[in-house]
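Subject: Handover of a structure

Dear colleague,

Please find below the sequence and structure that I am handing over to you.

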Amino acid sequence: MQADPGGNVMKTPPLDIKKARVSAEFKHPTQLFRARFSPCGKVIAAIGVDTAVHLWNIEDKAKKSFLAHKTWVSAMCFSPGRNELYTADYHGVIHCWNYLGGPGSKMTTASRSSRVTAPSCPTKTNKKSPN
């Protein structure tokens, strides 16, 4: 699945594996086990065996890391239509980041009593109806 700049889901074109090639590599010194593309398509976020969230700008390959978790990051998701990346760790701590901002971009933190394995972000913003 792909998303246009507005966050709308578009149909994925057919993939011919024989024509697939490596167009770019984004390296990190320790193992990464999960990666996601941002809704705008300009950022790759990855998590792994360290406690950081790593982001690469696809165009210039600039890397930044967000540090706040005290254990491995277990899951992450981007919020469509916003500059928010949600990350969760094995202690149940959830952070919300402005992924287009700088290293001090943490917006909020929440905590649960158990591990979070699959956060999800709504595809549309629910507006409150007037009473």
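The notes below cover the basis of the values, then a sheet, and then a charged pair.

The model is predicted, so local features need pLDDT of at least 70 and side-chain atom pairs count only at pLDDT 80 or more, while totals for chains, interfaces and linings use all residues. Residues are numbered from 1 along each chain as its sequence is written, and side-chain values use heavy atoms, with hydrogens and water left out.

Strands here are DSSP runs (E, at least two residues), numbered from the N terminus, and two strands pair if DSSP finds at least two bridges between them. In general, strands of a sheet pair through backbone hydrogen bonds, in either a parallel or an antiparallel manner.

An open sheet contains four strands in the order β3-β4-β5-β6, with antiparallel pairing. Its edge strands are β3 (32-37) and β6, each of which pairs on one side only. From one strand to the next, the twist averages 25°; axes are lines fitted to C-alpha atoms, and angles run from 0 to 180 degrees between N-to-C directions.

Strand β4 (residues 43-48) and β5 run antiparallel and are joined by five bridges. A hairpin of three residues connects β4 to β5, and Ala 46 stands opposite His 54 in β5.

On its other pairing, β5 is joined by five bridges to strand β6 (residues 63-67), again antiparallel. Within β6, Lys 64 is the bridge partner of Leu 55, and Leu 67 is that of Ala 52. The hairpin of β5 and β6 has five residues between the strands, and Lys 61 takes a positive phi near 65° there.

Strand β5 (residues 52-57) is largely enclosed by the rest of the structure, because five of its six residues are buried. Buried means under 20% relative accessible area, exposed over 50%, and partly exposed in between (1.4 Å probe, protein chains only).

A search of the whole structure finds one salt bridge, a term for a side-chain nitrogen of Lys or Arg within 4 Å of a carboxyl oxygen of Asp or Glu. Glu 84 forms this bridge with Arg 82, and their closest N and O atoms are 3.6 Å apart. Glu 84 counts as buried, at 13% relative accessibility, whereas Arg 82 counts as partly exposed, at 32%.

With kind regards
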